[in-house]
Each structure stands twice: as structure tokens, then as C-alpha cells.
There are 2 protein chains.
Amino acid sequence: MSLRNALLSLLTVEPMTGYDLYKVFESSVGHVWHAPDSQIYPELKRMESEGLITGQDVQWGQRGKKRQYTITNEGIAEFKSWMNTPLEYARTRDPAHLKAAYLEWADPEAAREQMRRHIAHYQSLLKQWQERIDELEQGTNSMLAKRLKSTPRKDWDATIAFKRFTYEGLVSRAEAEIQWAERGLQLIDRLNS
Amino acid sequence: MSLRNALLSLLTVEPMTGYDLYKVFESSVGHVWHAPDSQIYPELKRMESEGLITGQDVQWGQRGKKRQYTITNEGIAEFKSWMNTPLEYARTRDPAHLKAAYLEWADPEAAREQMRRHIAHYQSLLKQWQERIDELEQGTNSMLAKRLKSTPRKDWDATIAFKRFTYEGLVSRAEAEIQWAERGLQLIDRLNS
DNA sequence: GAAAACATGTAACCGGTTACATGATTCT
DNA sequence: AGAATCATGTAACCGGTTACATGTTTTC
């Protein structure tokens, strides 16, 4: 149900089409939650049929049209209710650490490559997340700017602070993963010397 | 395919039944990779049909019997091949951080509860992972003891070191998550004062 | 005129979860 | 005798991935 609530959270800002939402998933929210268009369109239909959002056909060019979705009061209630419900944590399932536990079965060079990729992966995420923090600091995030327009000024602080808090958490996670893999590289070197 | 390889990794130690494997998933490996019995039994059947393992019916009591699986050479080759293949990283999908980004929508007390549960969740994992490290240090892990018996003494170091490395990574992750959620609690307090 | 972007889906598949179902053995 | 453990599955469902499919509009 997280996709559904990620969509609701975006629609609290302004009405959007499936494609608009897909684009936001590709950029901002996508750094916390990924969803392909093939998942977004059917989910929007379901949400409309359940009354969480309403769709309006909007003319687009001469012949084209697109469907713009607006969140309903039920949708807002649903989102708030999700936000107030404690999260169920899934059992651990971590391929990178599973493989790491048996790295003595890999060729040393493959083991090193594994660690290098782990570093590269989290460095790329680190960069993206750091960029989002920079955007928050400089006020250059357009989704946030739109959101603040419909937010009472007294709540601006909280709105920005929680996003910053989120990305800071992801940044420190990425940093920890990079450090871990670097220790892994040293370990592989030590074992093969 | 990680379940399959987790099963193969365990079967490199000794032949086991589905139930044996299920028990190991409930204890040791389960702290890195979780799998329910309803997933293990069918997967073992598939693996047998693909020649990665062979099953032998073993008498159990008077009337009962159980099926014990032995890894084949193809199974060992498959596992090594997986170990030498770089991991594909899945796109980010992180419910806890997704929710954190919109915590201004939650009631302050629900937000605090969220953070407290995050702390409790990772403290419980931290304890489990720390226990595994203690076991490695004291040599009281029976799966590892069995594994070492069939491992050349010169490779003992690597076998233990990679497991320790894995759990240390998980421990620092858990510590980072706890610190993050504690900052979250402080932030909620600050915003509501 | 062509390419890029906008727009919206369907279908097959895959891994994982939850619930259901059954029966034997061993321990106390 | 009863409880706990050992033992092995099936079935419905759910969320997500990948591939396929199509057409319009805007930009260069």
C-alpha cells in the first residue's frame, strides 16, 4: 500500500495526471520510492474506483486528452490514517549482505568487484540524496515550493524539516554502506596477501 | 534467486531436509535472509528437478520418512557462479523513509510512536546481529563449526572473517537507524514546543 | 519531417506472504 | 495422554517487474 500512499502524498499538492506522477517518481520521490508507469496507471484507476481520487478528462492539443486526478476528502483521510498507523517492518532480506557472508566462495577479484560496485551504488545514491538536501536548503525544489503555497506558514518549518531529516538519514546510511564496503576491500586484500 | 542461493550455501555444509533448512532460516541465516517454509519446500523441489540438489528419502521413525537433500556438483557450480556474478541493486523502496518525509501529516504522538518503533525494531535486530558476532568470536555457532570441518584449515580465517564482516555491517546499519530515529524524536519535540 | 516528450495502458511472469491442511514422532 | 516438534505441502493473493503496444503533441 505504500505506492498508493506515495501517490496520495503527491496529489495533496495539486491535481496531476498519471504521467505527471510518473515523472515525479522518476525524479524527486523516486529517490525514496520507485514505481514504474505500468504500476502507476492501474493503481490510479483502482484508487479512483475506491473514491480516494477523482479523475477529470482534460483536453490536450486538438485530438488528445489526458486524465487529471484530484485527491478527495476520503483520499486525504486515508493518507492521514496511513501516516498515523505504525509501520509493519518486513523481515530482513538483504542480498548484498547475504552474498558478503559467503565471499570466500568468490574469486578474490570478483569479491573486490562486488565491493567496488557496492561503493559505486551508494555513492550514486549519496549524490542524489545530497542534491535533494541542497535543494531543500536553497528552496529550489518545485514540488516543495508548490506544497508550501498550500501550507499555512506556521507549518513550513515542519514540512521542510521532515524532508531534510529523511534525506539526512538516507545520506548517513549511504555513507555507512560505503565505509563498510571499503573495509571489505581491505579485508579481501589482507586475506590474499 | 537469492532464496535458491541461500539454500545452496547451507547445503554446501551437509545434506539437510526442508525442515532442517527452515529451522536454520528461523535462526542464523534468517537474520540476513528470511524465508517461510511454504517457500522453501517448493523451491527445493524445483532445485531437485533442475539437478542442483538430489533428494533421498530417509526413514524417520516406524512409518514416517523425510527427504534429505544433497548438493550436486552442478549446485556447487551454480552457487560459485552466483557468488562471482555482480549483484543487481534494486531501486529504492523504503517505507520508513517515505513516511518520515511526510511526518508533518501525522499527529505528533503518532510520529513519536513511529520513531520509537523504528528504534525498537533496530534494537532488536542489533541484539540478534551482535549475538551472531559473539558466537563467531566464541566459536559457539554450530553451522559454522560444521562448515569449518569440511573447510581446509588455511581457509578458516576467510570463512570466519567474511561472516564477521557481514554482521558488523548490519550492526553499524542498525546503530545508524537508531541514531536517526532518535534525532527524529528530538525534531518532533522541537517542532511541538 | 524527425525526434523527444507526453500520454495510457495490457499481459505474462516472478518472488514472496498468508492461510489452510495434514500427519508422524518424540518428549514429558 | 497431550504437547511440542518434526515433516511437507497447496492455494489464493499481492505487489512489483518486464515486455509489449499504441497514439498524440511539442520541439527542433
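1. A word on the model: it is predicted, so local features need pLDDT of at least 70 and side-chain atom pairs count only at pLDDT 80 or more, while totals for chains, interfaces and linings use all residues. Residues are numbered from 1 along each chain as its sequence is written, chains are lettered from A and ligands numbered from 1 in the order in which they are written, and side-chain values use heavy atoms, with hydrogens and water left out.

2. Start with chain A, which has eight helices and three strands (DSSP runs of H or I, at least four residues, and of E, at least two, numbered from the N terminus). From the N terminus on, their order is α-β-α-α-β-β-α-α-α-α-α.

3. Next, look at the extent of chain A: its C-alpha trace spans about 65 × 40 × 35 Å along the principal axes.

4. Now turn to DNA strand D, which has 24 residues around it (near means a heavy atom within 4 Å). A:Ser38, A:Gln39, A:Arg63, A:Gly64 and B:Arg67 come nearest.

5. Which residue places a polar backbone atom 2.6 Å from a phosphate oxygen of DNA strand D? That is A:Gly64, and this is a polar contact (a pair of N or O atoms within 3.5 Å).

Conventions. A polar contact is a pair of N or O atoms within 3.5 Å; within protein, one must be able to donate a hydrogen and the other to accept it, and residues adjacent in sequence count only if both atoms are side-chain atoms.
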